[in-house]
Amino acid sequence: MTDIKRLETGPRMSHAVIANGFVFLAGQVGEPGTSVTDQTTTILGQIDALLAKAGTDKTRIVSAQIWMADMAKFAEMNAVWDAWVPQGHTPARATGESALATPDYAVEIIVTAVL
């Protein structure tokens, strides 16, 4: 049987789940209504913190999904991402446009890492 550990568990979700050597993060969002740059910066900080709690770090991210409310802002988000992700440790990544939980969210990022 697989041991499963849940971090920052709430009534509807856990912000991180550790299972079979993987760390699955829930979608992370920034402060509603702020710029794409600010939301992305906040999200990446939250990802760093959750990965640290799980016992890993951003160099161990294997997959990322980035959802944007407006792909016209892609370059703005990508500038923050590129400064954050360590070269040589870039994960598999997909980016798409979608309506997010509220109109004030511009970016949501979901990552999977290994321990």
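**Ground rules.** I worked with a predicted model, where local features need pLDDT of at least 70 and side-chain atom pairs count only at pLDDT 80 or more, while totals for chains, interfaces and linings use all residues. Residues are numbered from 1 along each chain as its sequence is written, and side-chain values use heavy atoms, with hydrogens and water left out.

Glu 8 sits in strand E1 (residues 4–9) and Lys 53 in helix H1 (residues 36–54), 45 residues apart. I took helices (H or I, at least four residues) and strands (E, at least two) as DSSP runs, numbered from the N terminus. Lys 53 is exposed at 51% relative accessible area; Glu 8, at 39%, is partly exposed. The classes are buried under 20%, exposed over 50% and partly exposed in between (1.4 Å probe, protein chains only).

**Gln 28.** I placed Gln 28 in strand E4 (residues 28–29). Leaving out residues up to four places away in sequence, its contacts include His 15, Ile 43, Leu 50 and Val 107 (heavy atoms within 4.5 Å).

**Phe 24.** I found Phe 24 in strand E3 (residues 22–25). Phe 24 counts as partly exposed because its relative accessibility is 39%.
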